[in-house]
Amino acid sequence: MRNHSLSGKIRALLAGGFLGLLSLSACATFDNPSDERMSLVHRSRILLETGKLLAAERLTEGIIARFGPSPFLLNQMAVIREREGEPAMAQRVLTHARHLYPGVSVLTLNLAAMELASRNPDLARETLKPLLDQKSWPNGFRTLMGRIDLETGNLPEAHLFLHEALSRHPDNPLILANMGLLHSRLGLRKKAREDFRRAMERSGNSRLRSRIMGLIAANK
């Protein structure tokens, strides 16, 4: 009964967005690095990073209306929507962006992350299939695949992906937190608590820290 309750708490934290922290990285190319468009994009990025979401949203929409869409701008709009608490809208933006720019990996990764956060891991795995067939994987792919395997109960595969991700980024708090989830699912509560503690020590992201605190409480 206790394990069932613990699993339910972890699933609630997953659904609440613990694994839905979208990457801001995306391709942004400009003909002239000093042109007006780049200046506006830089300003919109600063607004987003400082938490001025409404201003960032309006400026990003204005740049798209004036100069046209780009992978960077559409990805940024999805990040804004997700941070505004509109995950369904963020997912629609990413779906449209990926249709326009199927070769941009960050759009694929973020879309799969949103699909996983909306409790559709099978769809997330399908979205990632084109990347799985590549010879080299983009940053974040191993972690996301590990997360998907955690959600579907494929723990051996989750173990492989997450350990490989952690070997490349041993101090990454998101990977450490996912390792904690894996060890919790394997019944290794002591290891899980240690992973969560290390993740807390290395995380400067307040949203991530709050969810890690919830996971620590669930594993007491």
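Analyst: Start with helix 4. Of its 13 residues, 12 are buried, so helix 4 is largely enclosed by the rest of the structure. Keep in mind that this is a predicted model.

User: Which residues of helix 4 are buried?

Analyst: Pro71, Phe72, Leu73, Leu74, Asn75, Gln76, Met77, Ala78, Val79, Ile80, Arg81 and Glu82. Buried means under 20% relative accessible area, so each of these residues falls below that cut-off.

User: What span is expected for helix 4, and what does the model show?

Analyst: Helix 4 covers residues 71-83, which makes 13 residues. At 1.5 Å a residue, 18 Å is expected. From first C-alpha to last, helix 4 reaches 18 Å, close to that expectation. Just after helix 4, Gly85 has a positive phi of about 85°.

User: Why is Glu115 said to have no salt bridge?

Analyst: Glu115 lies in helix 6, residues 105-117. The nearest side chain of opposite charge is Arg98, 6.3 Å away.

User: What does Glu115 touch, leaving out residues up to four places away in sequence?

Analyst: Gln91, Asn120, Leu123, Ala124 and Thr127. Contact means heavy atoms within 4.5 Å, so each of these five residues meets that limit with Glu115.

User: Which residues is Leu150 in contact with, beyond its neighbours within four places in sequence?

Analyst: Leu155, Ala158, Leu162, Asn178, Leu181, Leu182 and Arg185.

User: How many helices and strands does the whole protein have?

Analyst: There are 12 helices and zero strands. The element order from the N terminus is α-α-α-α-α-α-α-α-α-α-α-α.

User: How much of the protein counts as buried, and how much of its surface belongs to carbon and sulfur?

Analyst: Of 220 residues, 46% count as buried. The accessible surface is about 11,300 Å², with 54% belonging to carbon and sulfur atoms. Among contacts between residues at least 6 apart in sequence, 55% join residues at least 24 apart.

Terms used:
Residues numbered from 1 in each chain as written. Predicted model: local features only at pLDDT ≥ 70, side-chain atom pairs only at ≥ 80, totals over all residues. Heavy atoms only, no water. Helix = DSSP H or I, 4+ residues; strand = E, 2+ residues; numbered from the N terminus. Expected span 1.5 Å × (residues − 1). Buried < 20%, exposed > 50% of the residue type's maximum accessible area, 1.4 Å probe, protein only. Lys, Arg positive; Asp, Glu negative; His and termini not counted. Salt bridge = Lys/Arg side-chain N within 4 Å of Asp/Glu carboxyl O. Areas by Shrake-Rupley, 256 points an atom, 1.4 Å probe, with all protein chains shown as cover.
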